[in-house]
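Subject: The model we talked about

Hi,

Here is the structure, as promised.

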Amino acid sequence: MWAGDRTSQSLGIVLDEVRPGQATVRMTVGEDMVNGHDIGHGGLTFTVADSAFSYACNSYNRRTVAAGAEIRFLAPTRRGDVLVATATERERKGRDGVYDVTVTVAEKVVATFVGRSKEIDGTLW
């Protein structure tokens, strides 16, 4: 899956760990990732959380997509911050799953994300 994930790669997202129902990724907030308030763009915080969610829910070798997601921004991020997004499976029944993602900077929680997944046909490998 990583080989085809051009979005995560182009943003400098690094896949640190994947195991059944869990994944951790990280991304450094670059010069081109801040908004007009000179803080990290919320859409990119969402993206790093979504990437962790994606790897966690696809960790069973069943093609899985997002059915919905929401995020709460708890603190701003800054240029140079390393965002670490850790996704953990909360529930998986049939083809549906729910995943909690915590985004931290230096172990301080800056966002929480909840993703709902749906398995579709096929496998990844």
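Let me start with a term: a charge sits over a ring if NZ of Lys or CZ of Arg is within 6 Å of the ring centre and within 35 degrees of the ring normal. By that rule, Arg 92 lies over the face of Tyr 60, at 3.6 Å from the ring centre.

Before the rest, some housekeeping. This is a predicted model, where local features need pLDDT of at least 70, side-chain atom pairs count only at pLDDT 80 or more, and totals for chains, interfaces and linings use all residues. Residues are numbered from 1 along each chain as its sequence is written, and side-chain values use heavy atoms, with hydrogens and water left out.

Now the strands. Helices (H or I, at least four residues) and strands (E, at least two) are DSSP runs, numbered from the N terminus, and two strands pair if DSSP finds at least two bridges between them. Strand S1 (residues 14-19) pairs with S2 in the antiparallel sense over five bridges, with Glu 17 opposite Thr 24 of S2. Their hairpin has two residues between the strands, and Gly 21 there takes a positive phi near 80 degrees. S2 also runs antiparallel to S4, joined by seven bridges; Thr 28 has Val 82 in S4 as its bridge partner.

Next, the interior. A nonpolar core is a set of buried Ala, Val, Leu, Ile, Met, Phe, Trp, Tyr and Cys residues joined through side-chain atoms within 4.5 Å, where buried means under 20% relative accessible area, exposed over 50% and partly exposed in between (1.4 Å probe, protein chains only). The largest such core has 27 residues, and Val 25, Met 27, Val 48, Leu 83, Ala 85, Val 101 and Val 103 touch the most other members. Two or more residues each come from S2 (22-28), H2 (42-57), S4 (82-93), S5 (96-105) and S6 (108-119). Helix H2 gives the most, with eight residues.

Finally, the aromatics. Rings of Phe, Tyr and Trp (its six-membered ring) pair if their centres lie within 6.5 Å; planes under 30 degrees apart count as stacked, over 60 as edge-to-face and the rest as tilted. The count comes to four aromatic pairs. One of them is the tilted pair of Phe 53 and Phe 113, 5.8 Å centre to centre with 50 degrees between the planes. This pair links H2 to S6, 60 residues apart. Phe 53 counts as buried because its relative accessibility is 1%.

Best wishes
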